[in-house]
Amino acid sequence: MIITKNWQDYELLDAGHGEKLERWGKVILQRPDPQAIWEAEPWQNQDAIYHRSHKGGGEWEYRKKLPASWKIQYPSIVGPLSFRVEPTAFKHTGLFPEQGANWDYIAARVQAAKKAGFQVRVLNLFAYTGGATLAAAAGGADEVVHVDASKGMNARARENLELSGLASSYVRILADDVLKFVAREKRRGRLYTGIIMDPPSYGRGPGGEVWQLEERLWPLVKESCKLLELDNPFAFFILNSYTTGFAPSVPANLLRLALGGRGEARAEELGLPASRRPLILPCGSTCRWENS
């Protein structure tokens, strides 16, 4: 398991009864988590609690007045990465803290390639609010291409770049359907040192295109692998999965098959340690492919 444990502004306090208790800066939030099926003592002092609706979705119960949004930082290996977070209508905050370990990996990989004299271009697909984008830019990538269908998430990514002092980095933020974008990049003959992919289970593109993971992921991975600089010894591909029922070996198999067995793919669970009890909350999985 890959455990992210360097946070200072974020803390998983406890988890149980299908819920997790977290500190985001100075704000304590309680949110649903289907993995936390064990018992937990009653919690107190929550600033807000997300309640699911039987009809789908849910809403926040605010126990104190909170700011609309606030800033937190992750102390990455290349300096602090800053993010604007907020409780959203879908229980999320605009950030997945367990990805901190991947951000450090991305920054280190980019730095190593730059030190060896390579030009580094990184493609971040389903890029959300830009955690991996910030890491690649902070690591010194010559170009980062950030693609997400949501204009709102892209706007937040731009804000996070500015908050992190990375606004002058060469980052292209695009609202596009990832399948169409990858196909165009292939026709243009553009190649990338690193590709990061964080696909949802279900979603829609900016033009209403339907994304269904089980149907679309394999062709997307296969085509995306054709954009890798396979003659670059520092080439890498990160494929994350949050889909319930997908074992970590699934993304590993996808990358091994798409790349014809070349390189090495390591797949592991992602986890966050709780501070109040000796437990680690599983938070999806990740597969890191490296050229070799």
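1. Of the 292 residues of the chain, 51% count as buried. This is a predicted model, and the values below should be read as computed from it.

2. In secondary structure, the chain comprises six helices and 17 strands. Its radius of gyration is 19 Å, close to the 19 Å that the globule rule gives for 292 residues, so the chain is as compact as a globular protein of that length. Along the principal axes, the C-alpha atoms fill a box of roughly 55 × 40 × 40 Å.

3. Among the contacts in the chain with a separation of 6 or more, 62% are accounted for by residues 24 or more positions apart.

4. The accessible surface of the chain comes to about 13400 Å², and carbon and sulfur atoms contribute 51% of that area. As for charge, the chain carries 37 positive and 33 negative charges, whose mean positions are 4 Å apart.

5. The loop between strand 9 (121-125) and helix 2 (131-138) contains Phe126, a residue that has a positive phi of about 55° although it is not a glycine. Phe126 counts as buried because its relative accessibility is 14%, which is under the 20% cut-off.

6. Tyr128 is also placed in the loop between strand 9 and helix 2, and its phi is near 55°, again a positive value in a residue other than glycine. With a relative accessibility of 23%, however, Tyr128 counts as partly exposed, since this class runs between the 20% and 50% limits.

Conventions: Residues numbered from 1 in each chain as written. Predicted model: local features only at pLDDT ≥ 70, side-chain atom pairs only at ≥ 80, totals over all residues. Heavy atoms only, no water. Helix = DSSP H or I, 4+ residues; strand = E, 2+ residues; numbered from the N terminus. Buried < 20%, exposed > 50% of the residue type's maximum accessible area, 1.4 Å probe, protein only. Rg over C-alpha atoms; globule rule 2.2 N^0.38 Å. Contact = heavy atoms within 4.5 Å. Areas by Shrake-Rupley, 256 points an atom, 1.4 Å probe, with all protein chains shown as cover. Lys, Arg positive; Asp, Glu negative; His and termini not counted. Charge placed at Lys NZ, Arg CZ, Asp CG, Glu CD.
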